[in-house]
Structures are given as C-alpha cells and as structure tokens.
Amino acid sequence: PNRNDDRTISGSNPALKEEFERLRDAILAGKLAGTDTLLQGIGGLIGQALNAAAAQFGQAGAKAVIALL
C-alpha cells in the first residue's frame, strides 16, 4: 500500500548457486499489473452523477408532457 516503501531482500539460494553456470543465457521475464482504486472511484462517481442527471431530466420531461395534456 505504501508506494514509497523500497524493500530490499537479501539472502542466497543454494540451488541457484549450483546451477548458476547453466543460467548464463537465461532470460527473466515478469509482469506487473495493478489497479488504481482512486480512478475507479472517480469513474463510479461520474456514472452516478450522470444517472442522477438523466433521472432528473426524465422527470422534468414527463411533467412537461403531462402539462401539455
């Protein structure tokens, strides 16, 4: 949760040490994925505001039609 938390892990892995020469041409590939909860929250608020505005316009439109009748 803390983006400024620089974490360092030290130690050794005996199995890696034993196979080090075989790993000389190895490639390490990784993928990092995440979500921005603030952005999702803002999107939800905008959606709620649009739904509320549409409901208000719908009510105003219905009242206008009824007034014409």
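Predicted model: local features only at pLDDT ≥ 70, side-chain atom pairs only at ≥ 80, totals over all residues.
Let's start with the chain as a whole. The protein chain has 69 residues, and 0% of them count as buried. Its secondary structure comes to 2 helices and 0 strands. The accessible surface of the chain is about 7,200 Å², and carbon and sulfur atoms account for 60% of that area.

Leu-38, Ile-42, Ile-46 and Leu-50 together make a nonpolar surface patch of about 410 Å². One of these residues, Ile-42, sits in helix H2, which covers residues 37-68.

Now for the charged side chains. How many salt bridges does the count come to? The count comes to 1 salt bridge. Glu-19 and Arg-22 form a salt bridge, and their closest N and O atoms lie 2.9 Å apart.

| Residue | Relative accessible area | Class |
|---|---|---|
| Ile-42 | 42% | partly exposed |
| Glu-19 | 33% | partly exposed |
| Arg-22 | 70% | exposed |

The classes follow from the cut-offs. Arg-22 counts as exposed because its relative accessible area of 70% is over 50%.

Key. Residues numbered from 1 in each chain as written. Heavy atoms only, no water. Patch = residues over 30% accessible without salt bridge, like charges linked within 9 Å, V, L, I, M, F, W, Y side chains within 5 Å. Areas by Shrake-Rupley, 256 points an atom, 1.4 Å probe, with all protein chains shown as cover. Salt bridge = Lys/Arg side-chain N within 4 Å of Asp/Glu carboxyl O. Helix = DSSP H or I, 4+ residues; strand = E, 2+ residues; numbered from the N terminus. Buried < 20%, exposed > 50% of the residue type's maximum accessible area, 1.4 Å probe, protein only.
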